[in-house]
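The following paragraphs lead the reader through selected features of a structure, one region at a time. Please keep the sequence and the model in view while reading.

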Amino acid sequence: MAKNSNSTTSVDKVDRSLKYQDLIDQENLTECPKNCKESEMEAYRWVVIPIDNENNFLPVMQYSQKINRPMRRLTTDDERCAGCAGLSMFNTLENAKTRFAGFERRTQTLLGYTHVATGKISIDTGIISEVSPDSGHFALYEYKTVDLRTTFTIASTIF
Amino acid sequence: MEALKGHMVGSLPIKNLKKVSDLLEYEGPILSHFTGNNNSHYLFYWTDFDTEHNRWLVWKVTEYQLYHYLRGLLSLREMVIESNKDYVFSVDIDDNLNYTNVQAILLDEIPAAYLPEEDSVYKFSIPEIYKELVNSFEENSHIALLRDIALYFTMEPTSLKHGRAVAAIDAADFLKKLSTSFLNFVETDFISRFKGLVPDFETLQRTAEQFKEALTPRIAYSAYGSFKVGISSDIIYPVESDKYSAWQKAVLSEYQKEVVDINYSDEEKLKEIVEKYDENSRRKIFGPYLEIINDSDYTLKVTNIGRSFKRSYARVTRQKQQIILPKRQIDEEQTEKRKLYSVILEAKEGEDFSKISKKKFQEGLLFQPQPIDRVTVSLAEIPYGIPPLELLRSITYTLSLVDNYYMAEAPEFDISVRAATKEEVNIAFQRRFAETFMNIRDEEESVLRNAYMAVVRIYPNAAG
């Protein structure tokens, strides 16, 4: 089973195994995540306040279980890798707000997000998928000891 | 979850469902496109959830509807309630993709909370997987461009006696008035912007006519139910030369700004229009548009593609209308309508036409007189001013007959006057010319001042 992570090195003492590798293995996902790399950038994520709400930085599978709500799936192929191990992010505040604004009000209410948080992603945070050139969206796969609730802050309301 | 008033069915009656793509998604699908048996197309739209299920509305769509949705021409709401079907399905799906509580729901019994909003148009980039579909419906890129820049007018009947269908004759009348308003705006705006740059008025007018032909409104889109039409204008093909291309590209937007996107109940806004446009222009541009707005049989809404611009209208009161279109002093109902005609007459050389008899006139008429919009009048002298002006050469103005009033216009001199008879308008024109010259000759150099100074003899001791 392929593990797409770098093992702990004695040089930098950062554990570079993925936080949710166990779930990836449990779901029998090979090549998960694919085509990802470390990066340095500002990132933006839809959240609720307060920022340290324990559900703000969970992959959707864990989030759904935590709040006792079913995952949105229509096929067995629906994004399982990001669903169990990735965090949705945007590369700019504008992209984060634009994407939310593009949804129906009903959809916005059902999703429940109220704010956009921002934080710096570094090579010690995790690995990211390719950033969508249209929407600025990407997925972040955190390293094991990372806790984004301590490094992200509220940037704006989501509206 | 909302209570449903549907009819239970055992299972979703669609075989061989296969997902094409998510049209809207965030950490899971929100609006998804599927195909079913016989290559039919369906949309799944997320509307609700509880602790165990997500609820989806499911309905059949055509590729044509998908194309219009992706291009922002059709909203999600319109796709749900479009009357090409009697019902939609609702289905609750759990984590293990088990379908339960499948119901067929009549369109008017869909819970209000589940219906997408009026402006639920697609706001994102068209996904790569749909490029071929979109291209197949865009006959050529020219149509696509016309649709992108079009204004979309929706007429809805105020009475539902005939459902939402609009009478064909009313639709034709609407298109004619809209075209008239727009083309008059094109002419007025062009002359206003370029009169200082094109000294020859004949050339200016000829170019304006060419633009009216090139920019004749085109129907870029039509839909039925209510009458919805996308009106666009050809902004690509240059007229005369490239020097007008920036104006040509912007003229439809200008019409939107100056005529369409106006609150006609706002008195301040109406006064701005009066400041900017002379009465004749207002009658030609705003008159037909106000007739459309005030048609008691219909309401009008206007949007652009993607619906980032929206305008609807309340009826404009008579008092507000008269700010833009003042009540005429002569009751036109009781006055016969007059028009200008061009006449070709055979007569003796040197004939004095002011004294020609009726018999000679009728016998000499070679062809049926042709109606004309305007005629050029030449003036060799302006016997007004202190001292009376002396012209270096003849000047011309355009004489037209509009709604039984004579108009004399010379844009290069910034003159437009109106009177009840041709004699009065001639005098009015000459007086305005003299008056403007007396005021402008001492001012700083400008295109307008230069136009006057080029035709009026200046005496050595005169200012300027």
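**Cysteines and helices**

With a relative accessibility of 0%, A:Cys84 counts as buried. Like everything described here, this value comes from a predicted model. Which cysteine sulfur is closest to that of A:Cys84? It is the sulfur of A:Cys32, at 5.1 Å, which is too far for a bond, because a disulfide requires two cysteine sulfur atoms within 2.5 Å.

How many disulfides does the structure hold over all chains? There is 1. The bond joins A:Cys32 to A:Cys81, and their sulfur atoms are 1.9 Å apart. The torsion about this S-S bond is about 90 degrees, so the disulfide of A:Cys32 and A:Cys81 is right-handed. A:Cys32 is located in the loop between helix 1 (21–26) and strand 1 (41–47) of chain A, whereas A:Cys81 belongs to helix 3 (residues 80–85) of chain A; the pair therefore ties together parts that are 49 residues apart in sequence. Both A:Cys32 and A:Cys81 are buried.

Attention now turns to chain B. In helix 1 (residues 63–70) of chain B, 6 of the 8 residues are buried, so this helix is largely enclosed by the rest of the structure. The buried residues of helix 1 of chain B are B:Gln65, B:Leu66, B:Tyr67, B:His68, B:Tyr69 and B:Leu70. Just after helix 1 of chain B comes B:Gly72, which adopts a positive phi of about 75 degrees.

Further along chain B, two helices pack together. Helix 5 (residues 168–194) of chain B and helix 9 (residues 279–293) of chain B have axes 8 Å apart and meet at an angle of about 155 degrees. Angles over 145 degrees count as roughly antiparallel, and helix 5 and helix 9 of chain B are therefore roughly antiparallel to each other. Their crossing, that of helix 5 and helix 9 of chain B, is left-handed. Among the residues through which the two helices meet are B:Phe174, B:Leu178 and B:Phe185 in helix 5 of chain B, and B:Ile285, B:Pro288 and B:Tyr289 in helix 9 of chain B. Sorted by class, the contact between helix 5 and helix 9 of chain B has 7 nonpolar, 5 polar and 4 charged residues.

Technical notes
Residues are numbered from 1 along each chain as its sequence is written. Chains are lettered from A and ligands numbered from 1 in the order in which they are written. This is a predicted model: local features need pLDDT of at least 70, side-chain atom pairs count only at pLDDT 80 or more; totals for chains, interfaces and linings use all residues. Side-chain values use heavy atoms; hydrogens and water are left out. Axes are lines fitted to C-alpha atoms, for helices over the stretch in contact, and angles run from 0 to 180 degrees between N-to-C directions. Helices (H or I, at least four residues) and strands (E, at least two) are DSSP runs, numbered from the N terminus. Angles under 35 degrees count as roughly parallel, over 145 as roughly antiparallel, 65 to 115 as roughly perpendicular and the rest as oblique. A crossing is left-handed if the near helix is turned anticlockwise from the far one by less than a right angle, and right-handed if clockwise. Contact means heavy atoms within 4.5 Å. Ala, Val, Leu, Ile, Met, Phe, Trp, Tyr, Cys and Pro count as nonpolar, Asp, Glu, Lys and Arg as charged, and the others, Gly among them, as polar. Buried means under 20% relative accessible area, exposed over 50%, partly exposed in between (1.4 Å probe, protein chains only).
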